Amino acid sequence: YAAPIWLQSNMDLFKDFWNRAILKITGSEYYPRRLIVEVSTGIPPLHLILQEISVKFVLKYQVDNNFYALFTQLESNREHPFYHHVCAALKYVSWKRKAHLETDYQNNRAPLTFLDINAPEFNYTKESIRQFMSHQWVDHIKGSIQGDSELHNLLDVGQFDLQIDLYKKLFTRNSTRYLDSKLLTLLHGSSKDYGKFRRTLSGNNSEDHHCVVCHDIVDDAYHRLYVCPQYNCLYRNLLPATSNHKLFGLQILLEPDNQHMISALRNMAQIIFGNDTILSNSG
């Protein structure tokens with residue numbers, strides 16, 4: 001509950017702890033591409049988590065006359081520590097109006113302020129907050145993709161589909177901790193399971209980093225999923241076609257209608273890392 005008070009002004013200080021937590025959760029040996037681990041684990045960026053807490057905090061107390069007067073003043077006071085929290089609440093209110101009004105005429109009305117405190121848009125439910133955060137997360141990913149030439153060339157921002165509960169499909173209830181951890185290493189590739197990463201981590205150029213089957217091809221997550229004949233099976237054919245060694249995981253996660261790809265990826269992880277029983281396509 002205190003997060004809206006102290007996290008905004010201490011964001012940089014908290015980011016180091018946040019990064020360490022992400023590494024621990026994903027089992028990564030080094031910092032992986034953040035978009036991949038955020039989407040796969042269902043953990044939004046830290047600033048979006050703060051935004052969600054701030055929205056609920058402000059809207060919960062807006063019915064109090066004293067807070068109502070304060071929030072009205074803060075709308076135009078950029079220097080106040082709570083200005084960002086009030087802006088987050090108004091962003092939710094604006095989104096809710098656009099989400100529920102159908103015509104351009106209605107959407108083009110003057111923006112709501114805390115003077116409109118009795119408007120229905122100032123109410124929230126668990127589901128409306130979930131939808132709002134989903135919208136904000138999609139905007140964040142689109143901005144990241146457009147600002148990264150490598151990502152922009154790989155993904156069409158108008159086509160990808162972000163499922164907030166994707167992690168439930170990746171890490172199913174009938175799975176094991178072992179398989180889940182290996183599945184994550186296939187997505188982020190930052191693991192000593194792979195010869196290429198072991199050599200990068202040690203800085204020893206003489207260390208053998210080739211596949212033990214192919215010998216002359218570098219061993220990494222992409223190679224095991226897409227190339228190595230040792231793991232050639234029908235599940236491989238269900239994965240999206242790509243030649244990108246770094247971003248194939250993100251492409252799988254954001255591909256529209258990707259349930260069959262997720263099932264194939266889970267089965268491939270089980271084949272590659274030696275579990276005996278192959279999961280069904282239903283996950």
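1. Let me start with a pair in helix H2 (residues 11–26): Lys 15 and Asp 12 sit 3 residues apart there, which means about one helical turn separates them. Their side chains meet in a salt bridge, at 4.0 Å from N to O. Lys 15 counts as partly exposed, with 40% relative accessibility, while Asp 12 counts as exposed at 64%. Please keep in mind throughout that this is a predicted model.

2. The structure holds 7 salt bridges in total, and one of them deserves a look of its own. Arg 266 forms a salt bridge with Asp 180, with 3.6 Å between the closest N and O atoms. Since Arg 266 belongs to helix H16 (residues 259–272) and Asp 180 to helix H11, the pair ties together parts that are 86 residues apart in sequence. Both Arg 266 and Asp 180 are buried.

3. Staying with helix H11 (residues 177–188), you will find Leu 187 there. Is Leu 187 buried or exposed? Leu 187 counts as buried, because its relative accessibility is 2%, under the 20% cut-off. Beyond its neighbours within four places in sequence, Leu 187 is in contact with Ile 36, Ser 40, Leu 170, Gly 249, Leu 253 and Leu 265. The C-alpha atoms of Leu 187 and Lys 246 are separated by 9.1 Å, although these residues are 59 apart along the chain.

4. His 215 is worth a quick check of the backbone. Phi of this residue is near 70°, a positive value in a residue other than glycine. Most residues other than glycine have a negative phi. His 215 lies in the loop between helix H12 (195–202) and H13, and counts as exposed at 55% relative accessibility.

5. Finally, a word on confidence. The protein chain has a mean pLDDT of 79, with 78% of its residues reaching 70 or more. Over residues 102–107 the pLDDT stays under 50, and the model has 4 contacts beyond four places in sequence for them. Residues 276–283 also have pLDDT below 50, and this stretch has 20 contacts in the model beyond near neighbours in sequence.

Methods:
Residues are numbered from 1 along each chain as its sequence is written. This is a predicted model: local features need pLDDT of at least 70, side-chain atom pairs count only at pLDDT 80 or more; totals for chains, interfaces and linings use all residues. Side-chain values use heavy atoms; hydrogens and water are left out. pLDDT is the predictor's confidence in each residue, from 0 to 100. Contact means heavy atoms within 4.5 Å. Helices (H or I, at least four residues) and strands (E, at least two) are DSSP runs, numbered from the N terminus. Buried means under 20% relative accessible area, exposed over 50%, partly exposed in between (1.4 Å probe, protein chains only).
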